Amino acid sequence: MADALSVVPASVLRNLSDKLYEKRKNAALEVEGIVKQLAVAGDHDKITAVINLLTTEFTLSPQANHRKGGLIGLAAATVGLTSEAAQHLEQIVHPVLKSFSDQDSRVRYYACEALYNIAKVVRGDFIIFFNQIFDALCKLSADSDANVQSAAHLLDRLVKDIVTESDQFSIEEFIPLLRERMNVLNPYVRQFLVGWITVLDSVPDIDMLGFLPDFLDGLFNMLSDSSHEIRQQADSALSEFLQEIKNSPSVDYGRMAEILVQRAGSTDEFTRLTAITWINEFVKLGGDQLVPYYADILGAILPCISDKEEKIRVVARETNEELRSIQADPAEGFDVGAILGIARSQLNSEWEATRIEALHWISSLLNRHRSEVLSSLNDIFDSLLKALSDPSDVVVLLVLEIHAGIAEDPKHFRQLLVFLVHTFREDNSLLEKRGALIIRRLCVLLDAERVYRELSTILEGELDLDFASIMVQALNLILLTSSELSLLRNLLKHSLVNPAGKDLFVSLYASWCHSPMAIISLCLLAQTYEHASAVIQSLVGEDINVKFLVQLDKLIRLLETPIFAYLRLQLLEPGRYIWLLKALNGLLMLLPQQSAAFKILRTRLKTVPSYSFNGDQFRRTSSGNPYQILHHMPSGSQITEDGDGMQDGGNSHNGINFALRLQQFEQMQYQHRMHAQAQAQSRNSYTTSLSKEVQRNEEPRCPSSSEMSGPPSRSSRRGPGQLQL
């Protein structure tokens, strides 16, 4: 201190703390001259003493004017030192940096001015303090005082010039600080940061691309800034980096892919578009580096396929196709299970386009990596079954194609149909709304006969009789009406002459027994008319309820469709197809006379030619009654199932034991009747218990005069299941 006071006059020190800027400036010029003389003399001890004096007595003073004078003095001392300033920079720079956080805005302003003058003198030697200066400037860029901001901008430009021309700048030491600052939300700070990133990237000797993963997320974060200028600057910087990536032979795609995947789910449209654009380029350029990240990338792409912004949808679809076209191998790190997991999760998306693409991925994986997919089948099977309830027909059809692909293996074929029946049992609305679509498509993909045989086997042992009846009715309707099952119908039509048709008839018969109308339809389709008549006769003990009549009504209307045109033409030969006529008359007798179905069938039967059968000739009956043919059969004549007379039809034909089949049908119907009775008893029991509960609740009421006079009269006694009033 004494050395400093001996070389710096008291008047200079007094003027250095004066409130007038001109006096402080003049005093600083005198300090510059003093320091210059000491430097020429090589007396660095006194120079150090002068700097310490300026620091302790001025920059650290509680008086603002003292602090201002101290800052000007330190800058002046640096100018006086010129080329020898480097050895005193540690003493000079730190007090100035500390003043950047001064409460007085004028002090902060003079700190910027002082550091600017110091930097101009020392230039490259200044680099060792770069991180500290950068941190200070980062804060000053958002200063509340406009003059301080202007001064900080001037200093910032000078520091950028120094850094770009210096060969001592360490990007490795700077990146951690930049990464930390990238999370700041202040718009001025963001502009400051983007400016530095752009400048450093323009320096050939600085590899900013190698450190891009460290600050990429921060740049993407700026894309959603409220300031258009900041968004534009961030986008410009990102575009430049993307171009560099395209031209660079070595890029760390993996770390950046993780960032892009997160940003692709941003709520900001511009951020999503930029992220998906980057992902698109990465998929094209990344090669083997991206294989471990395919699942994450797919998880980002699939939701964007349904984005409300068309540009995003277009890029996402292109990226999805590009990714799916890559022939990756599990041995190279391609995780089939992870991809399946992403696709499965996207099946729950609210957007149809996303669900469709997820199914395309599952289908593609099944074709390319069948064994891996089947090993993970338990993880996706339930989701695929639930997808059958999807409101989109396109989705359902794709799901069925996948199921069909899985079911190429026999064990998976049965598993599929078992689970399908289970799903229909649990969700009756699915059977009602989508049952026909699902069954028809499976018949196309997996062979109709195979599907129907397996379903029949499953339903034959179905314990839920009500469901079994509904399911059989649905299958029967599909069999009779679907164009996809025309070959199956043709096969059944020849059941009496074709062994394959016979086997199919017998196979379906077992489960078709759950529904009387289904079994009659099957017999009419197979032209086993005598057996159809026998089945109809066996319905004498059946409960002719509304459900029964509804099914019968459907059957009568089906008989008028093109499917049964052959049957209607056979009515032109009533003598040959006597059992067909008898079966149809039997159905007519089951219908209420006022029903539309009764009128339809009666009208049809009235058109039958009025012939009776006698040997090999037909003759018209005198009455003209088409039904009279049944009474003109010669006694002892037997008509076989195919209509040829005078043969031993008996109880079997082409190996079909019709007596056994009829017994099978009657046994199944008996089970249904017992089941219906049990349900009725259960309902009655519930009603009775409810009645007793109501009675107990009413007992505390005061008895009426008639109740007090004696036992209740006959008219007041309750019947079973009736509430006492």
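How many of the 11 residues of helix α8 are buried? Hold that thought for a moment, everyone, and thanks for coming.

What you see above is a predicted model. The mean pLDDT of the protein is 86, with 88% of its residues at 70 or more. Two stretches need some care, though. Residues 612-640 have pLDDT below 50, and the model gives this stretch 66 contacts beyond near neighbours in sequence. Residues 700-725 also stay under 50, with 12 contacts beyond four places in sequence. Where pLDDT is low, the predicted coordinates should not be read in detail.

Back to α8, which covers residues 130-140. The count is 8 of 11, so this helix is largely enclosed by the rest of the structure. Its buried residues are F130, I133, F134, D135, A136, L137, C138 and L140. And what do they pack against? Their partners are α6, α7, α9, α10 and α11.

Some cysteines next. C112 counts as buried because its relative accessibility is 1%, under the 20% cut-off. C443, at 5% relative accessibility, is buried too. The structure holds 0 disulfides.

Finally, please look at the largest pocket, with a volume of about 1100 Å³. Of the 39 residues lining this pocket, S469, I470, Q473, K547 and Q551 are the closest to its centre. Which helix gives the largest share of the lining? That is α26, with 10 residues. Helices α24, α26, α29, α31 and α35 each supply at least two lining residues. By class, the lining has 16 nonpolar, 15 polar and 8 charged residues.

Definitions and conventions:
Residues are numbered from 1 along each chain as its sequence is written. This is a predicted model: local features need pLDDT of at least 70, side-chain atom pairs count only at pLDDT 80 or more; totals for chains, interfaces and linings use all residues. Side-chain values use heavy atoms; hydrogens and water are left out. A disulfide is a pair of cysteine sulfur atoms within 2.5 Å. Buried means under 20% relative accessible area, exposed over 50%, partly exposed in between (1.4 Å probe, protein chains only). pLDDT is the predictor's confidence in each residue, from 0 to 100. Contact means heavy atoms within 4.5 Å. Helices (H or I, at least four residues) and strands (E, at least two) are DSSP runs, numbered from the N terminus. On a 1 Å grid over the protein atoms alone, a cavity is a set of points where a 1.4 Å probe fits but cannot get out, and a pocket is an open set with protein on both sides within 12 Å along at least five of seven lines; lining residues have an atom within 4 Å of a point. Grid points are joined across faces, edges and corners, and a volume is the space filled by probe spheres set on the points. Ala, Val, Leu, Ile, Met, Phe, Trp, Tyr, Cys and Pro count as nonpolar, Asp, Glu, Lys and Arg as charged, and the others, Gly among them, as polar.
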